[in-house]
Structure formats: structure tokens, C-alpha cells
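User: Could you walk me through this chain, one question at a time?

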Amino acid sequence: MAVPKRFIAGAICPRCAAMDRVRAWEQHGVRYRDCVACDFFEQLPMEEQAADELETRVNRVRDEQARNDVQTVRILDPKGH
């Protein structure tokens, strides 16, 4: 039985820089990917542990210092009352 190969949306081939031409599949505990536009081929061992989540602006922890720089603002009446 043939293993289904799926294209990776938005992926850019590391060899020829073609976009949306890279496909990936898994077989016998090994992850494969190749490019249909050139002869790029790569195999990677499957990781047993879950991969760490990539840091983005949404899940990034802000600096503790930025949180501690909160200052009280005092509004003054310009008429002096």
C-alpha cells in the first residue's frame, strides 16, 4: 500500500526555493520530505517527545521588567482648583 504524501502549504524548498512544492510523509518511524520541483530529499528521525511550541507574539512571555514599570499617573486640574 502506498504511503500518502502531503504537500506542506507555504513551505519553501531549501534547495531550489520553490514555494508549495515540498511534500512530507512518514514511514516506519522516519519522517521524509522532498521537493517535486528539484531533487531535494531529506529524512528525519521521529521525535518521541512533543516538540516545544514555537514562540510567537501571542504566546510570548513578556519581560518581567516591563510588567513592573507601571507608574501611577496624577491628573492635575489646569485651573488650579
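Here are a few questions and answers on the fold and its salt bridges.

User: Happy to start with the fold. In what order do the elements of the chain run from the N terminus on?

Analyst: Keep in mind that this is a predicted model. The chain has one helix and four strands. Read from the N terminus on, the elements run β-β-β-β-α.

User: Which strands stand at the edges of the sheet?

Analyst: Good one! The four strands form an open sheet in the order β1-β2-β3-β4, with antiparallel pairing. A strand with a single partner has one side left without a neighbour in the sheet, so the edges belong to β1 (6-7) and β4 (41-45).

User: What is the bridge partner of Tyr32 in β4?

Analyst: Strand β3 covers residues 30-35, and five bridges join β3 to the antiparallel β4. The bridge partner of Tyr32 in β4 is Gln43.

User: Is Asp34 buried or exposed?

Analyst: Asp34 forms a salt bridge with Arg23, with the closest N and O atoms 2.8 Å apart. This pair links strand β3 to strand β2, eleven residues apart. Arg23 is partly exposed at 23% relative accessible area. Asp34 has a relative accessible area of 10%, and the cut-off is under 20%, so Asp34 is buried.

Terms used
Residues are numbered from 1 along each chain as its sequence is written. This is a predicted model: local features need pLDDT of at least 70, side-chain atom pairs count only at pLDDT 80 or more; totals for chains, interfaces and linings use all residues. Side-chain values use heavy atoms; hydrogens and water are left out. Two strands pair if DSSP finds at least two bridges between them. Helices (H or I, at least four residues) and strands (E, at least two) are DSSP runs, numbered from the N terminus. A salt bridge is a side-chain nitrogen of Lys or Arg within 4 Å of a carboxyl oxygen of Asp or Glu. Buried means under 20% relative accessible area, exposed over 50%, partly exposed in between (1.4 Å probe, protein chains only).
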